[in-house]
Amino acid sequence: MAVGYAISSEVGKYNGQITSFVVLSCMVAATGGIIFGYDIGISGGVTSMEPFLKKFFPHVYTKMIKDTKISNYCKFDSQLLTSFTSSLYIAGLVATFFASPVTRAFGRRPSILIGGVAFLAGAALGGAAYNIYMLIIGRVLLGVGVGFANQSVPLYLSEMAPSHYRGAFNMGFQFCVGIGVLVANLLNYGTEKIKQGWGWRISLAMAAVPASILTIGTLFLPETPNSLIQHSKDPDKAKQMLQKIRGTDDIQAEFNDLAVASEISKAIEHPFKNILKKKYRPQLVMAIVIPFFQQVTGINVIAFYAPILFRTIGFGESASLMSAVVTGLVGLSMTFMSLLIVDKLGRRTIFMIGGVQMLISQMLVGSIMAVKLGDHGGLSKGYGYLVLILICSYVAGFGLSWGPLGWLIPSEIFPLEIRSAGQSITVAVGFLFTFIVAQTFLMMLCHLKSGTFFFFGGWVVVMTVFVHLFLPETKNVPIETMDRIWKQHWYWKKYVS
């Protein structure tokens with residue numbers, strides 16, 4: 001059944017409607033973002049809970065409670081504590097390279113299914129953990145789940161979506177990441193109040209809920225037409241699926257482009273080797289640079305360690321967790337706004353707006369902490385709330401721009417023959433720098449103190465200039481004819497022409 005928004009691509013002359021079938025399929029697949037977001041929010045919250053720290057990280061607990069001489073900025077500096085957070089991302093980095101051949105050889109659905117099952121197992125182990133080893137092994141399984149899901153879900157969304165609304169559909173992934181973060185922060189706020197001190201177990205174990213939804217839902221998902229035409233000996237199956245998701249029989253133009261892309265893809269035996277060719281240089285650069293920039297915005301500093309950061313500036317345990325809820329709600333709201341406007345304003349414009357907003361917010365937070373927060377004591381209530389407002393402004397800028405667009409751009413720029421390999425590189429680079437940021441932030445906060453925010457602000461300047469100079473607009477360009485934007489770009493045309 002068609003919902004009734006007729007579309008027709010100016011470039012590819014594709015026909016179709018936004019059908020309820022494709023909307024429902026993409027909603028189920030996008031829940032892969034919830035498991036990612038849930039883990040980001042949960043890990044930051046439980047590491048600020050005193051019973052959790054007392055059980056698994058007593059050294060950090062002792063520094064936080066009993067050591068009155070240690071600097072505000074150094075209370076949580078523990079490599080073991082950061083290993084708990086960042087072990088997931090090393091596991092995800094490795095897993096995504098296993099996900100790529102699975103996605104290419106068997107389709108998008110199997111990779112999503114593997115991701116859901118692995119995350120489910122990790123949630124069970126984390127919730128039942130009675131020592132640090134169970135805790136870390138659980139994190140590794142969660143990482144495998146996130147690695148497979150992050151590699152396959154954005155591809156699935158971009159391939160299922162109509163070209164004119166691809167941005168909005170793909171941003172469903174980041175929107176679900178935001179939902180996961182918000183739900184996790186709310187749950188942490190509630191479980192922290194359990195007086196017996198086992199609330200952190202509920203927080204970790206409840207990751208099984210979104211994982212179950214994803215796993216069960218994937219069993220009923222259709223495969224994308226791109227994947228069907230690539231793997232099936234009967235092209236009519238792909239054609240019938242394309243007609244079903246577009247809500248029209250007039251899909252010949254789009255089907256022809258898929259068929260051509262599939263023939264090129266089948267001739268490529270080693271996509272990771274092939275992506276190194278000169279003609280794929282712009283896609284390779286974007287696959288590396290965009291996820292790198294997404295991490296050095298500093299967002300995961302806020303996402304992982306928001307409660308810890310708010311405790312650093314003097315908020316209590318409960319107030320810190322509630323502040324994390326507020327920032328999560330702001331980020332989710334702005335991602336929804338971005339979803340509504342991305343296919344109207346375009347990717348580049350939103351990147352510019354978000355970059356300026358993040359930069360101003362970070363500079364002001366760094367300045368306030370430099371002037372008003374010493375090594376001991378805390379900020380006054382007024383300045384504490386001002387920092388919270390500015391961090392919300394920063395999260396809003398990220399939720400509008402680099403959050404959703406950091407996933408959208410890589411998933412839509414790769415030709416079919418290198419698409420799975422390119423997405424794996426994107427996810428792997430993201431995980432690598434997520435790991436580096438997560439592993440070093442608490443140490444960086446201890447040594448750079450308020451300068452940490454100026455460090456990330458400097459990167460925001462660099463990435464905004466990079467987008468302005470080197471990223472062409474991809475709005476409304478059909479995914480199988482994306483190569484033409486590079487041929488028309490002032491810099492990239494010398495590589496691809």
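1. A residue is taken as buried when its relative accessible area is under 20%. The structure discussed here is a predicted model. Arg 139, at 3% relative accessibility, therefore counts as buried.

2. Arg 139 is part of helix H7, which covers residues 132-160. With neighbours within four places in sequence set aside, Arg 139 has contacts to Asp 39 and Ser 43, and also to Phe 84, Thr 85, Ser 87, Leu 88 and Tyr 89. As for Gly 126, 13 residues away along the chain, its C-alpha atom is separated from that of Arg 139 by 7.1 Å.

3. Helices H19 (residues 381-400) and H20 (residues 402-413) form a pair whose axes come within 4 Å and cross at roughly 25°. Angles under 35 degrees count as roughly parallel, and H19 and H20 are therefore roughly parallel to each other. On the H19 side, the contact is made by Gly 397, Phe 398, Gly 399 and Leu 400; H20 contributes Trp 402, Gly 403 and Pro 404. Classified by residue type, this contact between H19 and H20 has four nonpolar and three polar residues, with no charged residues.

4. Helix H22 comprises 20 residues, 451-470, which at 1.5 Å a residue should span 28 Å; the end C-alpha atoms lie 29 Å apart, in agreement with that expectation.

5. Which residues of H22 are buried? They are Thr 452, Phe 453, Phe 456, Gly 457, Val 460, Met 463, Thr 464, Phe 466, Val 467 and Phe 470. In general, an α-helix has 3.6 residues a turn, so residues three or four places apart point the same way.

Technical notes. Residues numbered from 1 in each chain as written. Predicted model: local features only at pLDDT ≥ 70, side-chain atom pairs only at ≥ 80, totals over all residues. Heavy atoms only, no water. Axes fitted to C-alpha atoms, helices over the stretch in contact; angles between N-to-C directions. Helix = DSSP H or I, 4+ residues; strand = E, 2+ residues; numbered from the N terminus. Parallel < 35°, antiparallel > 145°, perpendicular 65-115°, else oblique. Contact = heavy atoms within 4.5 Å. Nonpolar A, V, L, I, M, F, W, Y, C, P; charged D, E, K, R; others polar. Buried < 20%, exposed > 50% of the residue type's maximum accessible area, 1.4 Å probe, protein only. Expected span 1.5 Å × (residues − 1).
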